[in-house]
Amino acid sequence: MKLTIERAALLKSLGHVQSVVERRNTIPILSNVKIDAGDASVRLNATDMDLDIVEAATADVSTPGSTTVSAHTLYDIVRKLPDGAQIDIDAAGDGQVVLSAGRSRFTLASLPTDEFPVLSGGELPHQFTLSAAELRGLIDRTRFAISTEETRYYLNGIYLHKAESDGTALLRAVATDGHRLASVEVPLPAGAEEVPGVIVPRKAVAELRKLIDESGDEVAVSMSESKIRFAFDDAVLTSKLIDGTFPDYQRVIPAGNDKVMEVECKSFADAVDRVSAISSEKSRAIKLALSGGTLVLSASSPEHGSATEEIEVAFDGDELEIGFNSAYLLDVTRQIEGEMARFTMADAASPTVMQETDDTSALYVLMPMRV
Amino acid sequence: MAQNGLEDTAAVPLEPASQAALKPPETLRTGAGPTLCRDCLSYFPDGPLDCPACGSIRVICHAELAGLDIAHIDCDAFYAAVEKRDDPSLRDKPVIVGHAGGRGVVTTACYIARQFGPRSAMPMFKAMEMCPGAVVVPTDMAKYRQVSQQIKAIFLDATPVIQPVSLDEAYLDMSDEARGVSDPLPAMALAEAQRRIEDEVGITVSIGLSYNKFLAKLASDLDKPRGFSVIGEAEAKEFVATLPVSKINGVGKVTAAKMAEQGIETIGQLQDMPEMELVARYGKFGRRLAGYVQGEDGRKVNTDGTSKSVSAETTFRQNMNGADALKEAVGPLCERVGKRLADKGIAGGTVVLKLKTGDFQILTRNRQLPNPTQKADVIRYHAEALIEAEADGRYFRLIGIGVADLCSAIEADPPDLFSGLE
């Protein structure tokens with residue numbers, strides 16, 4: 001295998017695939033990226049056995065062929081080469097790959113290509129297309145709520161599934177860590193009528209998100225019950241799905257909350273941010289006291305003191321005091337693009353629903369804190 | 001605990017230590033320095049070696065007696081003493097408290113039993129070989145806890161600043177600031193508490209009085225049982241120099257063996273080493289060690305009395321290996337820890353797994369939790385993950401699980417949308 005590639009093209013593709021590779025690997029081949037040179041392009045492939053990314057880049061290939069080298073070493077070298085450099089990669093055999101650019105020359109150890117594991121997609125019977133904007137929305141507005149707690153591994157991802165609301169078929173993404181829940185939906189795309197409910201793991205979500213911004217307008221999604229694949233113009237991400245049952249989240253979305261508060265989202269978020277400067281680092285607790293058209297935000301901590309801020313809201317229920325983790329409030333308000341946010345509450349101990357007043361495609365549930 | 005007591009405390013009113021003072025040389029009979037009579041609590045600023053007020057020879061005489069204010073209290077063969085109190089037929093018999101089964105260990109041996117060799121933590125079968133006539137009484141922690149509370153209540157009359165170490169051991173800050181009064185003298189208040197415990201609770205305790213915790217603990221061990229020993233500043237350094245290194249709190253078998261390898265047997269041999277060298281040799285502990293060997297200890301008597309961890313452990317009947325067997329064993333321990341956390345209204349932020357290998361090496365492994373918990377199943381989940389990493393085929397004889405980083409239950413297990421659903 002012998003090829004020449006421009007630094008920028010290699011760096012971009014390598015940047016995507018190398019982050020799949022775990023820093024510490026017990027299986028040597030999993031530290032490597034597979035370089036596959038075809039006619040006028042090169043395909044880079046990295047995997048951790050659960051997640052696999054293949055990305056193509058334009059290259060001047062003189063001898064087609066393939067090899068594998070350490071992904072992090074290669075990335076490190078390419079990163080440090082000067083902008084605009086032309087990189088020659090030559091896998092002459094003998095377990096070595098020679099990389100040269102300008103006056104730099106590197107000899108890298110390689111491992112045989114046939115040892116490189118293939119995460120076979122298997123049959124992926126459900127196929128549909130999402131716009132990049134739709135996929136971005138599904139991810140951005142839910143991923144902050146993904147649990148990192150291994151105890152409930154089935155919450156360590158985004159639950160993607162078919163749903164229905166007022167007779168409209170929907171594709172819905174839900175993530176929760178038990179303290180907050182985010183649910184976002186888009187119209188069900190053609191081809192997704194029979195999709196099973198699947199849980200896309202956190203790491204796949206993170207890598208997927210990076211690919212969206214640098215790709216075209218459409219993403220082809222295909223899936224089975226155990227795998228999901230996202231195909232972009234130049235890149236294909238295939239991931240195993242979390243083998244578990246997502247809890248019946250519908251039951252924790254309260255339907256009977258009757259205390260409704262509407263607030264200008266930006267000023268609310270700013271006030272929360274300011275007041276939370278005082279709240280204890282551990283709990284990040286902040287208190288919301290509602291009375292008539294006034295919301296008083298307050299926080300206190302034995303070390304730092306106390307803070308209050310008053311803002312005007314639309315609220316017509318009885319007086320209410322309720323506590324929240326300020327970081328969770330900010331996570332949600334950051335996702336709200338419209339001007340107004342609506343809180344639907346019951347009491348200080350029951351889950352509160354947050355939504356954008358003018359866009360009900362996203363819904364957030366927050367568990368209050370004891371304050 | 002001292003191992004040199006020859007009689008049993010409950011049975012014999014006099015102990016060997018005071019017998020030595022039976023016939024002091026005539027020259028010492030007056031002008032011996034500040035003296036307190038432990039029987040009638042009379043104090044003589046420059047007293048004789050027996051009490052002019054009541055004639056008792058149980059007097060404490062020490063030049064710094066009036067100035068020392070840190071005490072260490074240690075109950076004498078505590079569990080055994082409680083059992084003897086409750087069953088007078090055991091009074092003159094060798095009594096061993098502990099589990100009688102095949103792999104059981106001695107929790108406490110009374111002073112009569114100790115003459116034959118049994119000691120705490122000794123395997124029961126070995127203890128029974130040494131002392132076949134011993135009566136084995138099963139442990140009754142609930143009862144000991146209750147007696148411990150009674151004792152604590154009496155010491156609380158002496159000072160509000162008490163740091164319990166275990167059920168039968170505590171440090172007391174007897175300083176004027178801690179007590180808010182300067183009268184009676186610390187030694188007098190302690191002697192009174194000691195006497196009251198004998199009268200009201202029916203067991204004996206030994207007291208060590210000094211000017212820091214390290215020395216107070218050494219002192220309580222000097223004159224056991226029913227002892228009262230004093231270590232003053234003047235003799236502290238010289239006194240500790242003669243002790244074996246194993247007397248230092250924190251020098252266990254491993255460190256002692258390491259020191260022995262380097263030819264160090266007594267604390268005196270450590271006294272000439274600069275702190276830097278001690279740290280280089282023994283790690284972070286070297287810093288505290290540097291103070292200890294000079295008779296210095298800056299640790300305060302920790303008033304809040306809160307424990308740093310809650311744990312439970314069990315010794316297997318037969319050594320075990322394999323993750324599954326260990327996980328099965330840890331389940332009930334997690335339940336116990338969870339229950340004790342709930343009873344105390346506290347929670348833990350770190351799960352600690354303890355394993356003792358077949359050759360008595362102790363391993364501990366920690367894991368920090370996303371949220372503090374008091375739930376047995378959360379503790380268990382993390383315990384199992386820790387076990388998974390250690391269960392590589394080695395055999396273990398003991399497993400323990402605990403939580404540290406204790407906090408109030410209010411901070412624990414934040415309300416969860418799914419609790420009750422799963």
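Guide: Two strands are said to pair if DSSP finds at least two bridges between them. The model is a predicted one. With that term in hand, consider strand 8 of chain A and strand 9 (residues 104–111) of chain A, which pair in the antiparallel sense over six bridges. Within this pairing, A:S100 stands opposite A:R105 of strand 9 of chain A. The two strands form a hairpin with two residues between them, and A:G102 there takes a positive phi near 55 degrees.

Strand 8 (residues 96–101) of chain A also pairs with strand 7 (residues 86–93) of chain A, again in the antiparallel sense, over four bridges. Here A:D90 is the residue opposite A:V98 of strand 8 of chain A. Strand 7 and strand 8 of chain A likewise make a hairpin with two residues between them, and in its turn A:D94 has a positive phi of about 60 degrees.

Further along chain A is an open sheet of nine strands, with antiparallel pairing and the order 14-11-12-13-26-25-24-18-22. Its edges are strand 14 (198–201) and strand 22 (314–315) of chain A, each of which pairs on one side only. Strand 11 (residues 157–165) of chain A is joined to strand 12 of chain A by seven bridges in the antiparallel sense, and A:E164 has A:A169 of strand 12 of chain A as its bridge partner. Helix 3 (residues 132–140) of chain A packs on the sheet and touches strand 11, strand 12 and strand 13 (180–187) of chain A. The direction of helix 3 of chain A makes about 165 degrees with that of strand 13 of chain A.

A:R172 lies in strand 12 (residues 168–176) of chain A. A:R172 counts as buried because its relative accessibility is 7%, and the limit for that class is under 20%. Its side chain makes a polar contact of 2.7 Å with the side chain of A:E185. Another polar contact, of 2.9 Å, links the side chains of A:R172 and A:Y249. Leaving out residues up to four places away in sequence, A:R172 also touches residues including A:Y159, A:H161, A:E164, A:S183 and A:Q250.

The largest nonpolar core has 102 residues, and A:L3, A:F268, A:L297 and A:L329 have the most contacts inside it. Helix 5 (residues 265–275) of chain A gives the most to this core, with six residues. Beyond its neighbours within four places in sequence, A:L297 is in contact with A:F268, A:A271, A:V272 and A:V275, among others, and its partners also include A:I286, A:L288 and A:I311. Another core, of 55 residues, lies apart from it and has B:Y79, B:L90, B:L185 and B:A193 among its members.

As for chain B as a whole, it has 15 helices and 15 strands. Of its 422 residues, 48% are buried. Where contacts in chain B join residues at least 6 apart in sequence, 62% of them are between residues at least 24 apart. The accessible surface of chain B comes to about 19800 Å², and carbon and sulfur atoms account for 52% of that area.

Note on methods. Residues numbered from 1 in each chain as written. Chains lettered and ligands numbered in written order. Predicted model: local features only at pLDDT ≥ 70, side-chain atom pairs only at ≥ 80, totals over all residues. Heavy atoms only, no water. Buried < 20%, exposed > 50% of the residue type's maximum accessible area, 1.4 Å probe, protein only. Polar contact = N/O pair within 3.5 Å; in protein donor to acceptor, adjacent residues only side chain to side chain. Contact = heavy atoms within 4.5 Å. Axes fitted to C-alpha atoms, helices over the stretch in contact; angles between N-to-C directions. Core = buried A, V, L, I, M, F, W, Y, C linked by side-chain atoms within 4.5 Å. Areas by Shrake-Rupley, 256 points an atom, 1.4 Å probe, with all protein chains shown as cover.
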